[in-house]
Amino acid sequence: MAGPDRNPWRRFLALPNESRAKTVGIAFLVSAVCAIAVSGATVLLRPIQTANRAAEEQARIEALVRGVPGMSALLEQSGGTLTTVVLDLGTGGAAAEVTPETLEAALADAANWTALDAGGDLAGLGQRPDYAQVYLLREGEDVSLALLPMSVQGYNGRIDAILALRGDMNTIAGLAVTRHSETPGLGARIEEPSWQADFPGTEVRDERGEMRFAVARGEASTPFEVDGITGATRTSTAIERMVRFWLGPDGYGPFLRAVERGEF
Amino acid sequence: MARSFSFWPTLTEPLIRQNPVTLQILGLCSALAVTTSLATALTMSASLTVVLTLAAGIISLIRRHIPTTIRLIVQIVIVASLVIVIDQVLQAYLVEISRALSVYVALITTNCLVLGRTEAYASHNGVVPSMVDAFGNGLGYSLVLTIIGGVRELFGRGELLGRQVLPLAEDGGWFTPLGLMLLAPSAFFLLGLLVWAIRSVLPEQAEAAEHVPPATAEPAE
């Protein structure tokens with residue numbers, strides 16, 4: 001070659017591999033290219049993944065409804081559709097301004113979240129949204145089934161679930177766990193149908209309106225209890241707290257009262 | 001390149017004779033964990049083969065410019081990025097299988113098989129030979145996974161790819177599923193039997209004993 005090469009790229013490649021400039025340069029280039037590939041794949045594929053997750057949640061809701069005894073017949077009567085309602089959790093009524101389509105945007109705004117004080121924060125969430133999307137099944141005018149999404153801080157991370165309540169808003173009709181990261185073989189058994197099968201028929205409050213629901217240590221002995229999971233005390237407690245919090249005054253409480261008054 | 005490259009031997013050697021799993025005993029963790037059914041085993045095999053081939057190609061392409069001091073981390077970064085991309089693709093298009101494979105796709109990064117091939121072969125050979133070698137090794141891994149996955153699903157559930165092959169006793173057939181086949185130990189047993197079978201056919205694969213037991217002392221008369 002006559003004279004030094006003017007192309008900086010070729011001069012860079014011609015550096016000895018062990019030189020500091022080339023080591024740093026190659027490290028930087030490789031990381032940059034990899035970063036672009038990884039972020040590109042994540043961004044491009046996210047819409048499909050989100051759609052998948054939504055479809056999966058829909059499938060779970062349908063499975064939950066089908067699992068409730070007598071529910072498929074009821075579904076056929078009402079045209080086989082659940083009505084979707086966005087609730088204002090503060091008042092317990094349907095939200096005036098937020099629709100299912102705009103719910104995501106509304107929840108992205110921090111102003112639509114309420115911070116929970118340590119005493120009332122049974123579920124360990126720190127804050128709860130002001131709006132929640134629930135699914136209602138009607139028999140004539142009355143609500144015969146309500147599917148209420150809930151979440152709680154579990155042993156390894158957040159647990160998302162959907163609880164189905166019968167028309168009396170006191171008897172559980174079923175539970176479906178939609179997302180969790182509990183220990184496989186122990187806490188992860190909350191997603192097994194055999195464990196969830198214990199929920200239907202369990203009552204939440206006694207005649208005086210006192211919250212009695214509990215996940216038992218061992219086998220359930222009262223109508224307000226479901227069986228615990230051996231070896232997964234923290235997960236069992238999390239589920240108990242989840243139900244107690246979300247059916248309590250800071251959760252769906254106002255909504256449940258409104259349904260009982262026949263306002264829905 | 002010192003050695004001349006011939007296509008077929010490079011591709012077919014890793015299938016049986018130089019099989020990465022049964023001869024070199026590499027990549028066992030995933031091989032044991034994802035073989036409870038044939039479908040997951042096949043998906044895992046395909047993912048690993050794609051990652052391995054692409055990684056070998058990329059690393060071989062830039063092999064003359066990777067500084068020796070940081071070569072391992074450069075290789076791992078490339079492999080890890082490919083794995084994340086594959087994982088994202090699986091999550092988008094094969095949701096069910098991606099859930100069944102759970103963390104094992106992400107763990108391809110730390111699969112000794114991948115780093116072993118990129119370090120031992122791709123960083124010293126041209127792009128085409130490296131990719132052929134990687135593809136061959138991927139096929140060798142896939143072969144073992146497919147056999148073990150097939151046997152475990154067949155005898156554990158009487159199914160192949162989710163389709164009932166052996167009529168179950170509880171449905172009026174004659175086959176009682178072997179629950180053990182779905183548990184991790186059965187993968188060890190099957191792999192051990194497979195290694196034994198291969199080394200019986202190809203005795204040159206058997207390793208020399210590392211310790212020789214002392215000859216039993218004759219009792220003094």
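Chain B contains 9 helices and 2 strands. Helices (H or I, at least four residues) and strands (E, at least two) are DSSP runs, numbered from the N terminus. The elements of chain B follow the order α-α-α-α-α-α-α-α-β-β-α from the N terminus. The model is predicted: local features need pLDDT of at least 70, side-chain atom pairs count only at pLDDT 80 or more, and totals for chains, interfaces and linings use all residues. Residues are numbered from 1 along each chain as its sequence is written, while chains are lettered from A and ligands numbered from 1 in the order in which they are written.

Of the 221 residues in chain B, 37% are buried. A residue is buried if 20 or more other C-beta atoms lie within 10 Å of its own, exposed if 12 or fewer, and partly exposed in between, with C-beta atoms placed from the backbone. Two residues are in contact if their C-beta atoms, placed from the backbone, lie within 7 Å. In chain B, 74% of the contacts between residues at least 6 apart in sequence join residues at least 24 apart.

Helix H4 of chain B covers residues 71–93. Its 23 residues reach 33 Å from first C-alpha to last, close to the 33 Å expected at 1.5 Å a residue. The expected span is 1.5 Å times one less than the number of residues. Buried residues of H4(B) include Val74(B), Ile78(B), Leu82(B), Val85(B) and Ile86(B). Asp87(B), Gln88(B) and Gln91(B) are also among them.

Helices H3 (residues 38–61) and H7 (residues 112–122) of chain B pack at an angle of about 30 degrees, with axes 10 Å apart. Axes are lines fitted to C-alpha atoms, for helices over the stretch in contact, and angles run from 0 to 180 degrees between N-to-C directions. H3(B) contributes Val51(B), Leu52(B), Ala55(B), Ala56(B), Ile59(B) and Ser60(B) to the contact. H7(B) contributes Val114(B), Arg117(B), Thr118(B) and Ala122(B). By class, this contact has 7 nonpolar, 2 polar and 1 charged residues. Ala, Val, Leu, Ile, Met, Phe, Trp, Tyr, Cys and Pro count as nonpolar, Asp, Glu, Lys and Arg as charged, and the others, Gly among them, as polar.

Chain A has 7 helices and 9 strands. Buried residues make up 26% of its 264 residues. An open sheet of 5 strands in chain A has the order E1-E4-E5-E6-E7, with antiparallel pairing. Two strands pair if DSSP finds at least two bridges between them. E1 (83–88) and E7 of chain A stand at the edges with a single partner strand each, so one side of each lacks a neighbour in the sheet. The twist averages 30 degrees from one strand to the next.

Within this sheet, E4 (residues 131–139) and E5 (residues 142–153) of chain A run antiparallel, joined by 5 bridges. Tyr135(A) stands opposite Leu147(A) in E5(A). E6 (residues 158–166) of chain A pairs with E7(A) over 6 bridges, also in the antiparallel sense. Leu163(A) has Leu175(A) in E7(A) as its bridge partner. E6(A) and E7(A) form a hairpin with 5 residues between them. Met169(A), in the turn, has a positive phi of about 60 degrees. In E7(A) (residues 172–179), 6 of the 8 residues are buried, so the strand is largely enclosed by the rest of the structure.

The contact between the chains takes 18 residues from chain A and 17 residues from chain B. On the chain A side, helix H2 (residues 20–67) supplies the largest share, 15 residues.
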